[in-house]
Amino acid sequence: MKIVITGSSGLAGNIAGVLRATPYQGDSHEVDEARVEDAIHWFKYDVFINCAHVEFEQCRLLLECFDVFKSDPKKTIINISSRAAQPNISKGYMYAAQKSALNHLSNNLIYNNADKQCRITTMNLGLLNHPTLPSLDYNEVTSWINRILTWDSHLEIPDITLQHSHNYQEVQEYKRLDNAKKLI
């Protein structure tokens with residue numbers, strides 16, 4: 001399976017490293033890392049993991065990839081989005097708008113495109129790898145990506161939210177207090 005992922009550090013680096021080492025039906029994954037500004041030769045790939053967040057570039061790349069993948073039921077697109085895309089959650093307004101745009105475009109391609117045969121999953125992630133606050137770790141997210149890639153090809157999970165089970169309001173208060181300490 002040939003995979004292209006945007007990004008090479010943090011979550012993207014973890015995903016790429018784990019997928020390279022994970023056999024799929026006896027074969028290793030071939031994983032290429034790309035920057036969002038790179039020209040990606042979509043026809044070479046079976047899977048696109050849309051991970052790197054650079055303003056609205058995830059939307060552009062999703063649409064570009066979809067135009068090539070849409071007629072092939074063996075192709076998969078996984079968008080890495082954020083729980084912040086939900087209304088009234090994030091104070092990072094532009095980040096939330098960019099992730100909301102990604103989710104909205106993904107849903108339009110899934111539900112409003114009669115030609116769509118590829119699978120598309122958007123993963124809305126909560127707080128990641130925070131050193132002191134309750135958060136997901138990269139391996140938990142990567143494990144879910146591996147599940148999506150290895151499930152039966154007729155299954156599609158259009159949208160999944162992963163977050164730490166700790167109370168959301170408490171985590172937000174901890175973040176606020178942590179940021180207030182930094183200002184002092």
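Asparagine 129 is found in the loop between strand 7 and helix 4. Helices (H or I, at least four residues) and strands (E, at least two) are DSSP runs, numbered from the N terminus. Phi of asparagine 129 is near 45°, a positive value in a residue other than glycine. At 36% relative accessibility, asparagine 129 is partly exposed. Buried means under 20% relative accessible area, exposed over 50%, and partly exposed in between (1.4 Å probe, protein chains only).

This is a predicted model: local features need pLDDT of at least 70, side-chain atom pairs count only at pLDDT 80 or more, and totals for chains, interfaces and linings use all residues. Residues are numbered from 1 along each chain as its sequence is written, and side-chain values use heavy atoms, with hydrogens and water left out.

Glutamate 55 sits in the loop between strand 5 and helix 2. Its phi is near 50°, a positive value in a residue other than glycine. Glutamate 55 is exposed, at 56% relative accessible area.

## The sheet

Six strands form an open sheet, in the order 4-1-5-6-7-8. The pairing is parallel. Two strands pair if DSSP finds at least two bridges between them. Strand 4 and strand 8 (159–162) are the edge strands, and each pairs on one side only. Neighbouring strands are turned by 20° against each other on average, direction ignored. In general, strands of a sheet pair through backbone hydrogen bonds, either parallel or antiparallel.

Strand 5 and strand 6 (residues 76–82) run parallel, joined by 4 bridges. Isoleucine 49 has isoleucine 78 in strand 6 as its bridge partner. Strand 7 and strand 8 also run parallel, again joined by 4 bridges. There, threonine 122 has aspartate 159 in strand 8 as its bridge partner.

Which residues make up the covered face of strand 8, and which the uncovered one? Ile160 and Leu162 form the covered face, Asp159 and Thr161 the uncovered one. Threonine 161 is partly exposed, with a relative accessible area of 41%. Threonine 161 and isoleucine 110 are 51 residues apart in sequence. In space they are 17 Å apart, C-alpha to C-alpha.

Contact means heavy atoms within 4.5 Å. Axes are lines fitted to C-alpha atoms, for helices over the stretch in contact, and angles run from 0 to 180 degrees between N-to-C directions. Helix 4 (residues 138–150) lies across strand 1, strand 5, strand 6, strand 7 and strand 8. Helix 4 runs at about 165° to strand 7.

Helix 3 (residues 93–111) has 19 residues. From its first C-alpha to its last it reaches 26 Å, close to the 27 Å expected at 1.5 Å a residue. The expected span is 1.5 Å times one less than the number of residues. The buried residues of helix 3 include Leu102, Leu105, Leu109 and Ile110. What do the buried residues of helix 3 pack against? They pack against strand 5, helix 2, strand 6 and strand 7.

Rings of Phe, Tyr and Trp (its six-membered ring) pair if their centres lie within 6.5 Å; planes under 30 degrees apart count as stacked, over 60 as edge-to-face and the rest as tilted. Tryptophan 42 and phenylalanine 48 have ring centres 4.7 Å apart and planes at 70°, so the pair is edge-to-face. Tryptophan 42 is buried at 5% relative accessibility. Phenylalanine 48 is buried at 0%.

Tryptophan 42 and phenylalanine 69 have ring centres 6.4 Å apart and planes at 85°, so this pair is edge-to-face. The pair links distant parts of the chain, 27 residues apart. Tryptophan 42 lies in the loop between strand 4 (30–34) and strand 5 (47–50), phenylalanine 69 in helix 2 (residues 57–69). Both residues are buried.

## Charges over rings

A charge sits over a ring if NZ of Lys or CZ of Arg is within 6 Å of the ring centre and within 35 degrees of the ring normal. Lysine 75 lies over the face of phenylalanine 69, 5.2 Å from the ring centre. The charged end of arginine 147 sits over the ring of tryptophan 144, 4.4 Å from its centre.
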